[in-house]
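Let's take a walk through a protein fold together, one piece at a time. Keep the picture open beside you and find each part as we come to it.

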Amino acid sequence: MSFTKIALTGYKNYQSEIFYFNQRIVGICGLNGKGKTNLLDAINYLCFTKSYFSKNDALNIFFGAEGFRLEAELLNGKTNNKQTKVACIYRSLKKEFYLDDVAYEKFSHHIGKFPCVMIAPDDIEMITNGSDTRRKFLDTLISQADAEYLQQLINYNKILQQRNSFLKNESFQKKFDAQLLDALDAQMIQPGEYIFEVRKQFCKKIIPLVQQFYKNISGDHEMISLEYNSNLNDNDFLKLLKEARQKDIITQRTNVGIHKDDLIFYLDKNIFKNIASQGQRKSLLFACKLAEFEILSSMKGSPPLLLLDDVFEKLDELRMKNLLQYVCKKNAGQVFITDTHKERLENALSQFYDEVQIIELV
Ligand SMILES: Nc1ncnc2c1ncn2[C@@H]1O[C@H](COP(=O)(O)OP(=O)(O)O)[C@@H](O)[C@H]1O
Ligand SMILES: [Mg+2]
C-alpha cells in the first residue's frame, strides 16, 4: 500500500494544500512549526480515522475554520495496482469517513485496512509512563490485525463505563441493585476473557521480536525481557470481580479486569524504566515499534506504512543507520520520515537515492 496524493483542507496548520508522493521513501523537511508532524498525522488520520495526537477533533481544525477535510489517493492490493480513495470530512461536530466514496457506518470497520505504524517523539512515554500507554500500544497493534478484537474491546469498554457509572451513582443508595451489578459483571466476562487471550498470544509473538530488534539497534549485550501482566493471569475473571466487589463499591470504580493490564519491561532482572539510560529507552521504544511493524507485515502479507517523526533527533548516527537499513532496505513498504535538517535527511537517505522523494515545507 502507498499513498500517492493527499489533500488537506482546514486541517491544523494547513488551510488548503495538496501533496503528491511518487516514491517509496518520502523525506519531509522544514523548520520547526512548518507542519511536518501535522502532515504525518493527516496520513495517520486516514489510516485510523483519528489523529495520533489529539482525541478532540475540534482541535484539528485550522484556527477559525468551520471544519476540516482530508482526502487521499492510494495504491493498494497485493501488487499495489488497485487505486483507492479515502476521505474524512469533519464539521459541526460531525464526522464522516469514506472509502471509495462510500461512507462507513462504523469507523471501526476501517481499522486494519491501511495498516500503519507511527514513531513520534513523545512515544517514549510508552517506556516511562503509566500502563495505559502500553495498553494503547498493544491495542493499536492488535486492532489492525484482528477486527474481532477491536469489536470486543469497544464492547468491553462500553460495559466498563456503564459499570463504573453505576458504582458512582448507585452504590451509596439504600436500594442498591446488586442484580444489575451481577448482570454487568456477567456481560464483561466474555469480552474480557477474549481480550486477555488475544493479548497473551500477541505478547508471545512480540517478546522475541523486541529482544532481537533491541539487540540490533542498540548493540547492547544486556538482555531485554517483557512480561504480560494481567489480573486474569491464572485467575477466573468472574471470581475476581466477585472478590473485588466490596472494594469496587467503596472506591466507586472497577478495580479488576483487562483495563488494568500492563506490559513490564526488564533489563536483565531489573525493571527497565528504573535503571535504563536515555539511549536504552529510545532503543527499546524503536524495538517495540519495529516488532509491531514486523507482526503486521507478516499477518497482513505486506508491510504497513511507516511514519517516522523526527527520529534523527532521537538516535545517534550508528543506531540511526541500523534503523534505516532495516526500515528502508529490508522493507518494501512506504516510509515517511521527517527532519528539520534537509541535508541530514538527504545524506541519510542518499543510499536509497533512486527511491527517495524529498518534500520541503517552506
Ligand atoms: N488547529 C490549528 N490551526 C492552525 N494551526 C495549527 C493548529 N494546530 C497546530 N497548528 C500549528 O501547526 C504548527 C505545528 O506544526 P507541526 O506539524 O507540529 O510542525 P513541525 O512538525 O514541522 O515542527 C504550529 O505552528 C501550530 O501553531
Ligand atoms: Mg514535528
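## Strands side by side

Strand S5 and strand S6 run antiparallel and are joined by six bridges. One place to look is Arg91, which stands opposite Lys94 in S6. The turn between S5 and S6 is a hairpin with two residues between the strands, and Ser92 there takes a positive phi near 45 degrees. Keep in mind as you look that this is a predicted model.

Arg91 has another partner as well: in S5, Arg91 is the bridge partner of Gly67. That pairing belongs to S4 and S5, which run antiparallel and are joined by ten bridges. The hairpin of S4 and S5 has five residues between the strands, and within this hairpin Gly77 takes a positive phi near 90 degrees.

Now look at the start of the chain. Strand S1 (residues 2-11) pairs with strand S2 (residues 14-20) in the antiparallel sense, over six bridges. Thr9 has Ser16 in S2 as its bridge partner. Two residues lie between the strands in the hairpin of S1 and S2, where Lys12 takes a positive phi near 50 degrees.

At S6 (residues 94-99) you can follow the pairing onward to S7, to which S6 is joined by two bridges, again antiparallel. Here the bridge partner of Tyr98 is Ala103 in S7.

## Two open sheets

In what order do the six strands form their open sheet? The order is S2-S1-S4-S5-S6-S7, with antiparallel pairing. S2 and S7 (102-103) stand at the edges with a single partner strand each, so one side of each has no neighbour in the sheet.

A helix accompanies these strands. Helix H1 (residues 36-48) lies across S1, S2, S4 (67-76) and S5 (82-91), and runs at about 110 degrees to S1.

There is also an open sheet of three strands, in the order S9-S10-S11, and its pairing is antiparallel. Its edges are S9 (224-229) and S11 (270-271), each with a single partner strand, so one side of each is left without a neighbour in the sheet. S10 (residues 262-267) and S11 run antiparallel and are joined by two bridges. Within this pair, Tyr266 has Ile271 of S11 as its bridge partner.

## How the helices meet

Two packed helices are described by the angle between their axes and the distance between the axes.

| Helix pair | Axes come within | Crossing angle |
|---|---|---|
| H3 (residues 131-145) and H4 (residues 147-170) | 5 Å | roughly 130 degrees |
| H5 (residues 178-218) and H6 (residues 237-251) | 9 Å | roughly 135 degrees |
| H3 and H5 | 11 Å | roughly 95 degrees |

Let's begin with H3 and H4, whose axes cross at roughly 130 degrees. That angle makes H3 oblique to H4. The contact is made by Asp139, Ile142 and Ser143 of H3 together with Tyr149, Leu150 and Leu153 of H4. Sorted by class, the residues in this contact of H3 with H4 are four nonpolar, one polar and one charged.

For H5 and H6, the axes cross at roughly 135 degrees. This makes H5 oblique to H6. H5 passes H6 in a right-handed crossing. On H5, the contact is made by Asp185, Ile189, Gly192 and Glu193, and on H6 by Phe237, Leu238 and Leu241. Four nonpolar, one polar and two charged residues make up this contact of H5 with H6.

How do H3 and H5 lie to each other, roughly parallel or roughly perpendicular? H3 and H5 are roughly perpendicular to each other. Leu138, Leu141 and Ile142 in H3 meet Val198, Arg199 and Phe202 in H5. By class, this contact of H3 with H5 has five nonpolar, no polar and one charged residues. Notice that Ile142 is part of the contact of H3 with H4 and also meets H5.

## Stepping back to the domains

Finally, zoom out. The domain assignment gives domain 1 (1-113 + 334-362) and domain 2 (116-303). The centres of domain 1 and domain 2, taken over C-alpha atoms, are separated by 28 Å. Where the domains touch, nine residues of domain 1 are in contact with eleven residues of domain 2. The side of domain 1 that touches domain 2 has six nonpolar, three polar and no charged residues.

Technical notes: Residues are numbered from 1 along each chain as its sequence is written. Chains are lettered from A and ligands numbered from 1 in the order in which they are written. This is a predicted model: local features need pLDDT of at least 70, side-chain atom pairs count only at pLDDT 80 or more; totals for chains, interfaces and linings use all residues. Axes are lines fitted to C-alpha atoms, for helices over the stretch in contact, and angles run from 0 to 180 degrees between N-to-C directions. Helices (H or I, at least four residues) and strands (E, at least two) are DSSP runs, numbered from the N terminus. Angles under 35 degrees count as roughly parallel, over 145 as roughly antiparallel, 65 to 115 as roughly perpendicular and the rest as oblique. A crossing is left-handed if the near helix is turned anticlockwise from the far one by less than a right angle, and right-handed if clockwise. Two residues are in contact if their C-beta atoms, placed from the backbone, lie within 7 Å. Ala, Val, Leu, Ile, Met, Phe, Trp, Tyr, Cys and Pro count as nonpolar, Asp, Glu, Lys and Arg as charged, and the others, Gly among them, as polar. Domain bounds come from an automatic or database domain assignment. Two strands pair if DSSP finds at least two bridges between them.
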